[in-house]
Amino acid sequence: MFPGPPNYEDVQTGDTPEPSYVLKLHDPICLSGDEAADPSKSFQYVQLVSGQGIDEQFRHLLHKDVTVHLTDAMAAVTGHHHEPLVATVTSVSPVQAKPMEFTDEYGTAATTVQAFYAALGDGQGAEASAMVIPEKRAAPAFSPANLTRFYGGLADPIRVVGIARENDSTFIVNYHYATKSHVCNGRATVTTTMRDGRNFIQGIHALDGC
């Protein structure tokens, strides 16, 4: 949410709000070949202008890894341009992480992640909580009683559809479960850490609202 006219400074002081979608690039780049660009400065954010029918796709792909095809790229020149590069989107699609093969999990923290979700699927909150770093086991989200109560009472138990590794300690987990009133086909970023030679879950961030 960027500030627009009259001062282009702060919407809370009366500037017109200008909502815009911004793409964070995987790696910083520089821009040349445009007299308004400074090729000595690198940047990592691109202000996106939506083509016809693209806005709805933006909403569904917010905060996700995407592949974007752009046209009419230009360096920022007006007060309505809030990032160094502005470009029109012709298509956007989610990046599909490649699930790990079963044998790829050997010797990695993925086996701990698998065990955590397997325990949840059996409604064994204590076993699942034991896979979490000790200082978080008393938190409501990871307490044995709460895990057992929620996951043990599902109409369709949680099961892992696939695990993709982002790096040695971070994994994207795709899973499915259902309550009596809601079906969840969700994803979560699971971060892990090693303590005394053993892997533990450090945090879980749900990506799809369930």
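Reader: Is I29 buried, exposed or partly exposed, and why?
Author: I29 is partly exposed, because its relative accessible area is 36% and that class runs between 20% and 50%. Bear in mind that this is a predicted model.

Reader: Where does I29 sit?
Author: I29 is part of strand 3, which covers residues 21-30.

Reader: What is I29 in contact with, leaving aside its neighbours within four places in sequence?
Author: Those contacts are K41, S42 and F43.

Reader: And how far is S42 from I29, going by C-alpha atoms?
Author: Their C-alpha atoms are 5.1 Å apart, although 13 residues separate the two along the chain. S42 falls in strand 4, which spans 42-50.

Reader: Switching to pockets. What volume does the largest one have?
Author: The largest pocket has a volume of about 600 Å³. It is lined by 19 residues, and those closest to its centre are L23, K24, K64, D65 and V66.

Reader: Which strands supply at least two residues of that lining?
Author: Strand 3, strand 4 and strand 5 each do, with strand 5 running over 66-75.

Reader: Which one gives the largest share?
Author: Strand 3, the strand that holds I29, gives the largest share of the lining, with six residues.

Reader: What's the lining like by class?
Author: It has 12 nonpolar residues, four polar and three charged.

Reader: New topic: how many aromatic pairs are there?
Author: The structure has seven aromatic pairs. One of them is Y117 with Y175, a stacked pair with 6.0 Å from centre to centre and 20° between the planes.

Reader: Which parts does that pair tie together?
Author: Y117 belongs to helix 2 (residues 110-121) and Y175 to strand 8 (residues 170-178), so the pair ties together parts 58 residues apart in sequence.

Reader: Are Y117 and Y175 buried or exposed?
Author: Both Y117 and Y175 are buried.

Reader: What about F150 and Y151, how are their rings set, and why?
Author: They form an edge-to-face pair, because their planes meet at 85° and the cut-off for that class is over 60 degrees. The ring centres of F150 and Y151 are 4.8 Å apart.

Reader: Is F150 buried, exposed or partly exposed?
Author: F150 counts as partly exposed, since its relative accessibility is 38%.

Reader: Last one: which residues do ring pairs link into a cluster?
Author: The cluster consists of F116, Y117, F150, Y151, Y175 and Y177. It takes in the stacked pair of Y117 and Y175 as well as the edge-to-face pair of F150 and Y151.

Terms used: Residues numbered from 1 in each chain as written. Predicted model: local features only at pLDDT ≥ 70, side-chain atom pairs only at ≥ 80, totals over all residues. Heavy atoms only, no water. 1 Å grid on protein atoms, 1.4 Å probe; cavity = no way out; pocket = protein on both sides within 12 Å on 5 of 7 lines; lining within 4 Å. Points joined across faces, edges and corners; volume = space filled by probe spheres on them. Helix = DSSP H or I, 4+ residues; strand = E, 2+ residues; numbered from the N terminus. Nonpolar A, V, L, I, M, F, W, Y, C, P; charged D, E, K, R; others polar. Buried < 20%, exposed > 50% of the residue type's maximum accessible area, 1.4 Å probe, protein only. Contact = heavy atoms within 4.5 Å. Phe/Tyr/Trp six-rings, centres within 6.5 Å; stacked < 30°, edge-to-face > 60°.
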